[in-house]
Amino acid sequence: MHDCEAPAGGLAVRSAAGAAAERTPLVALVGPPNSGKSTLFNKLTGLRQKVANYPGVTVEKRLGQVRLPDQREVTVVDLPGVYGLSARTLDEKVTRDVLDGRIDGLPAPDAVVLIVDCTRLEPQLMLVEPVLDRGLPTLLVLNMWDELEQRGGAIDEVALADRLGIEVVRANARAGVGVDRIRRFLAGVETGVRAPGGSVAGAPAVDGGAIHGAVAAGTARDGAAVNGTVPAGHAVGGVPAGAGAPAGAAMDAANAGAGGGRAVDGHASNGRAAGAPRQRIDLPVLDAYVTRRGRIRHVGRQAGFTPPAPSWLTDRLDAVFLHRFVGPLIFAVVVALVFQAIFAWAAPVMDGVELLVAGSGEWLAARLPESWYRSLLIDGVWMGVGSVVVFLPQILILFLFIGILEDSGYMARAAVIADRLMYRVGLQGRAFLPLLSAYACAVPAIMAARTVEDERDRLATIFIAPFMTCSARLPVYTLLIAAFIPERPLIGPFLGTRAATLLGLYLLGAVAAIGTAFLLKRTLLRGAGAPFLMELPPYRVPTLRSLGLRLWGRSRVFLQRVGKIILLVAVVLWGLSQVPRIDGQAPPIEESALGMIGHTIEPAIAPLGFDWRIGIGLVSSLAAREVIVGTLGTIYGVEDPSEGSLELQSVLQRDLSFGAAIGLMVFFAFALQCMSTVAVVRRETASWKWPLLQWSYMLVLAVVGAFIANRVF
């Protein structure tokens, strides 16, 4: 990822009178996790989005352009999902700094759109007070209004607007309900005129005193802390320490009743908080939290808020998915089906992509004269890049399933299930989500580890994240599995030998991660386990639009990676394969500079069953793991590049033994063949100690594992 530049146009100061703008107005989109914030962002911006990092930190930011009816534009920045602005986590710090205008290259926002899930109104409104304290024009979006009404809940948004002093809009972001009113608010920000029924864009908005004044300080509290615990009804309902209470308070609140939610095996359901066993908490801090929560509750009552009835569907599904024995079995079945689909569903599409790459290469080669640039374009670029692009369908299928699991609400349940195992190795369930995101890429997973508040747990999560099989390994695995593993059914049509092999490689990485965490938490990172609190959102049906935008974004990231790193490596490898020239012609590959590098490496990797060609692939894969496929395509396919990966499979079967092929897969399961990951670990830990230890440890495991596999198989 790269630091993002500021929106075009530079900085401008807007007046309340609506003077001509010198830059596109910037609106911050703020909200708690699982409030529908990203859904609203996608609905407003569509494909007009840009993803990058904030300068100096690894927190991801998303900027999007919203086109207004008169063709003017407003820039919206989608801030990380947070419960408060106390800066206990990096997400909260970044959100606070953006709202305060303290981010380099990003001007202070002109207004705020604050979105909350109105089915969980009281805990989510805890974010209103610190946002209003910034004095920015603010629109409060009560999302999931349809669900509130369906479950018998109610609120008078006009009365709530009067109590808070800001405009309030009811919405259903998934269906687009209320989006027109949000666009009108954005139009008011752009012109600097009064937003409909709300504050003046560009002028100071009402501050958090609206909430402070809603109820006298001496009578604001509904109930009191007793013996260090929270009475039923004062549960955080998923609000962690960032909302004003420490993690212990939030955890205790969840276990004290979860706002009416039902506990399942120690974890609360029905959109509430899932937590670890109780612990005593700091009473002064708890008192401050209960006082603040009381103010919010009083405002809600004055606005006629009636909490919705518990979701019947969520309760029934959680009774199954969070069952102590049935839940893990269902999760295992889901995972197995995902990996079977990666092979079964992707095969026809991959064949089509392969034919397209090969056909376009032949068409282009027939129209170019014999020359060095023809060789560069066809043998270098087409062979290197095309042999990796063919795996895009499998990667997208993986992301499709991850998107469905996340958007449906099941992924949070998987974290609860995983907590029972992770606790035994010294981690907590909160580390599960970063580790799960590592199946896409270790870089964002390492960034996501910032949500783990305990420093020892965070470092352990960062250390083991690269063991989880990222999508960059998928092209390597599928190439070798297709070449060496014959397809036979194991469990009827549900699981074949190839899908089982792929699943086994994923499990191998997961076992290595668990074992390493167990070792770290008993040696370098020894310490007491931290409490676990996880908000469980209601189950929802994912929308095609949301899934489509997710897949489009992943396709773009993958193709950009191919177009930059893999293209560069392919061209460099082609260049090395062309020298030294013999009578003006390219030398045989084994006599080229590329071949000489491989022969130099070969003695060190020969015990693993690898030859000089694989050695070159291992070196090139340090740029990105999937580069080895393009490297082997360049080395093996210089004479006939039109056959694509089928030709590559054939030559690998000829030059690699079965044991060496298994060893190569094991090597990639363990080795940290990604310098981007090393750089991010260095950045996150502010030290070279951890990335160097991590890289060396994983390399030793990879070499030993490949050596054993080559001997056993």
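**Aromatic contacts**

Tutor: At 5% relative accessibility, Phe667 counts as buried. Buried means under 20% relative accessible area, exposed over 50%, partly exposed in between (1.4 Å probe, protein chains only). This is a predicted model: local features need pLDDT of at least 70, side-chain atom pairs count only at pLDDT 80 or more, and totals for chains, interfaces and linings use all residues. Residues are numbered from 1 along each chain as its sequence is written, and side-chain values use heavy atoms, with hydrogens and water left out.

Student: What makes Phe610 count as buried?

Tutor: Its relative accessibility is 2%, so Phe610 counts as buried.

Student: How many aromatic pairs are there by the ring rule?

Tutor: The count is 10 aromatic pairs. Rings of Phe, Tyr and Trp (its six-membered ring) pair if their centres lie within 6.5 Å; planes under 30 degrees apart count as stacked, over 60 as edge-to-face and the rest as tilted.

Student: Why is the pair of Phe463 and Trp690 called edge-to-face?

Tutor: The ring centres of Phe463 and Trp690 are 6.1 Å apart and the planes are at 85°, so the pair is edge-to-face. Phe463 and Trp690 are both buried.

Student: What makes Phe610 and Phe667 an edge-to-face pair?

Tutor: Centre to centre, Phe610 and Phe667 are at 6.4 Å, with 85° between the planes.

Student: Which residues form one aromatic cluster?

Tutor: The cluster consists of Phe463, Phe467, Phe670, Trp690 and Tyr697.
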